[in-house]
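Colleague: Could you put the model up and talk me through it? I would like to start with the domains and then move to the ligand.

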Amino acid sequence: MIKKILCITILTLGFCAAKTVKAQNKHATLPRKDLTIWADKPAKTWMTEAYPMGNGRFGGMVFGGVAQEHIQFNEISLWTGDEEDTGAYQDFGDLFISFKGKDTSMAIPANYTRKLDISQAVQRIAYTDEGITYKREYFCSLPDKVMVLHFTADRKAAYSAIIGLTDAHGSKVTGGSKGLQFEGKLVNGLAYQASIVVKTEGGTAKVESDGKGGSQLNISSADGFTILLSAATDYSNKRDQHWCGEAPATKIKRDLAAASLKTYDELLRTHVADYQGLFNRVDLSLGQTPKDITSATTYSRLANYHKQADPQLEALLFQYGRYLLINSSRKGGLPANLQGLWNDSNNPPWRSDYHSNINIQMNYWLAEPTNLSESHIPYLDYINSIREARKVSTQKEYPGVRGWTVKTENGVFGGGSYLWNTPGSAWYAQGIWEHYAFTRDKNYLQTFAYPILKEIVEFWDDHLKRRLDGTLVSPLGWSPEHGPTEDGVTYDQAIVYDLFTNYVEAADILGTDKSYRDHVADMREHLLKPKIGKWGQLQEWETDRDDPNDKHRHSSNLFGLHPGKQISTIKTPELAQAAKVSLTARGDISTGWSMAWKMNFWARLQDGDHAYKILNNFITLVGKSGVNYDEGGGVYSNLFCAHPPFQIDGNFGYTAGVTEMLLQSQTDEIQLLPALPKAWPTGNVKGLIARGNFEISMDWKDDKVTRLIVKSRAGGICKLRVPNALKADFAGINVGTTGADHQYSFQTQVGKAYVFKSID
Ligand code: FUC
């Protein structure tokens, strides 16, 4: 019975696949070579070589083998844990396609290519073997909610293969009318399922026993075939529904049935249009790399990077951060975790969790400024989802407080582990505020953001300790993973300062809670402020004990410089100088995310050449997949950031750092080219976003902005600070100068673009 239904399905769907083979390259935008990561051989190692893809909910890592294709896949909500415990993000399973008559020890065909085109979010593998040219095209579609793997060849009946699925938690694979599937429940009761549907063109396909108690799919003499994969759990981010939503089987059945009705070309076109709707908003050129370098594999470009300038690789890595965010964080889903959504272990490093002392926050620094505001939403929704669970545990730990905070390690059900990180929720609140600061969405501020900001402020209102002289200090804080636990550590003080500042501004904008707003403003004035120590450093603790030889990866004492806005070269030059002394002492080489943070710090210190020096260190090819982070960070040949091991925050932090070098808006001005290095004399960027919701596109040459377009997306006054004089094509501008900088301010209207050119 099962076999019969499957044959019917395959025949029916085969009709759709047949029409599509020739049409496969007809989608809107052609692949871009400068936005392609590629290799001339299949991946051997998951962490360092396989290429990621995802639709924000589920995704996979592609190995691209010739004798056997292997795609390890994940779904972002497959988590153990509960409201008490973090749990860990889990591997979901593997898909294997073993080509009959081929041996895994076979030589790799000479013309083999494996490409990840990040301009389309499509992977392509091509090779010629025994006179037949084989092509594979893979992507993960959000609109159609399927992973699509499409195999074609230039000769009929070229494909005979066994397709197998495995569950990373060991349940049996069964064959059904639509292909193969497995399902199970984790220890915490979370239900999951994964299914594939296979459409063949020509030949036969049948479900058979795999000889080990499960099922596999046997394809014989097919001209080509397409696999649709879907994976889901019953996770819901609603605590009042016990974190449990629709059954995975229902979702998968619906999604696979709908996607199966579409041709391959329709699926591809819909996917590319959806992805490019986000990705194409920003374009970046940092200069041209000589052709002979750009035609090399990504591995060899990385290996040679320290010997030859490769600004296109630097720009590719910038866009890769955006690719990874779009692939691991889409509206309606969970936020990107320590590995985005890619994980091949049930016991991954640091649980592949939501680490609250830098990592999850760094994942989202790029979201707003690189025009991916929608991809910020999963993080904001996640924060909202854990509030009630966190209130219960926080109030147990700190009796009598209102509000809530988090531990260092956090999962998807509100549970946490390891030490309390008391300023963690206040740092989350920065993300909540920033979404407003960039979008100026007042309805969001009022209905979503403000209540969260207020309850986190209330936590600190109750938790801060008032000294006899009126000074407010955070009791028993810990500068993350570093130093003693004591009152008034700079990290805590700076984050609370940021929280209070944002809260006061929010209350002012909404014209609400006047007396509480004044109370918070008063508390902010009484907070212990940053101190400059005996060697000119920005103290990490209230006691002047910083060690100038300390190379610790966390630079938590500099939060006020970045991502905070308490310290700036323009408004607080002495503190900025002290931050520079501390940063210089910490050194330029560190773990992946630590270097990414340092790029952002140097950009905020307006030192483009030093930011670039760190960028240069960041782009260091790291071959090992070990977890010893004393071995130094960098990137693997798949451009994943090596903490090591792989940790995606470094990729996201890199993109944020490049953005900060070109554009800053944390003060009340939009600063253009604040930290442009000598290495990028000429370039252009399209579509970055500044706070106030201004979209900025500009060309530069020899450190000067030569052309600028400011598109106002929310109206209001636009204030610019530029390194050279500009002239506008419209009237009504106020002009000023400070030092060498030129300042312009003008009233804007929603939807209107304002164009400037350099004077000479
Ligand atoms: C931070 C770091 C570690 C690691 C972990 C996930 O706390 O100190 O190096 O990145 O998060």
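**Domains and ligand**

Modeller: The centres of domain 1 and domain 2, taken over C-alpha atoms, are separated by 40 Å. This is a predicted model, in which local features need pLDDT of at least 70 and side-chain atom pairs count only at pLDDT 80 or more, while totals for chains, interfaces and linings use all residues. Residues are numbered from 1 along each chain as its sequence is written, and side-chain values use heavy atoms, with hydrogens and water left out.

Colleague: Which residues belong to domain 1 and domain 2?

Modeller: Domain 1 covers 6-282 and domain 2 covers 353-531, with bounds that come from an automatic or database domain assignment.

Colleague: What area is buried between domain 1 and domain 2?

Modeller: About 1,600 Å² is buried between domain 1 and domain 2, and carbon and sulfur atoms give 59% of that; buried area here is the accessible area (1.4 Å probe) that two parts lose on being put together, summed over both. On the side of domain 1, W79, T86 and R281 lose the most area to domain 2, together 34% of what that side buries.

Colleague: And how many salt bridges are there between domain 1 and domain 2?

Modeller: The count is one salt bridge, meaning a side-chain nitrogen of Lys or Arg within 4 Å of a carboxyl oxygen of Asp or Glu. R281 forms a salt bridge with E374, and their closest N and O atoms are 2.8 Å apart.

Colleague: Switching to the ligand, which residues surround it?

Modeller: The residues around the ligand (a heavy atom within 4 Å) are L338, W350, H355, N357, N359, E481, R553, H554, W593, H643 and Q647.

Colleague: How far is the side chain of H554 from an oxygen atom of the ligand?

Modeller: An N or O atom in the side chain of H554 is 2.6 Å from an oxygen atom of the ligand. For N357, the distance from a side-chain N or O atom to a ligand oxygen is 3.1 Å, and a polar side-chain atom of N359 also lies 3.1 Å from an oxygen atom of the ligand.

Conventions:
Polar contact = N/O pair within 3.5 Å; in protein donor to acceptor, adjacent residues only side chain to side chain.
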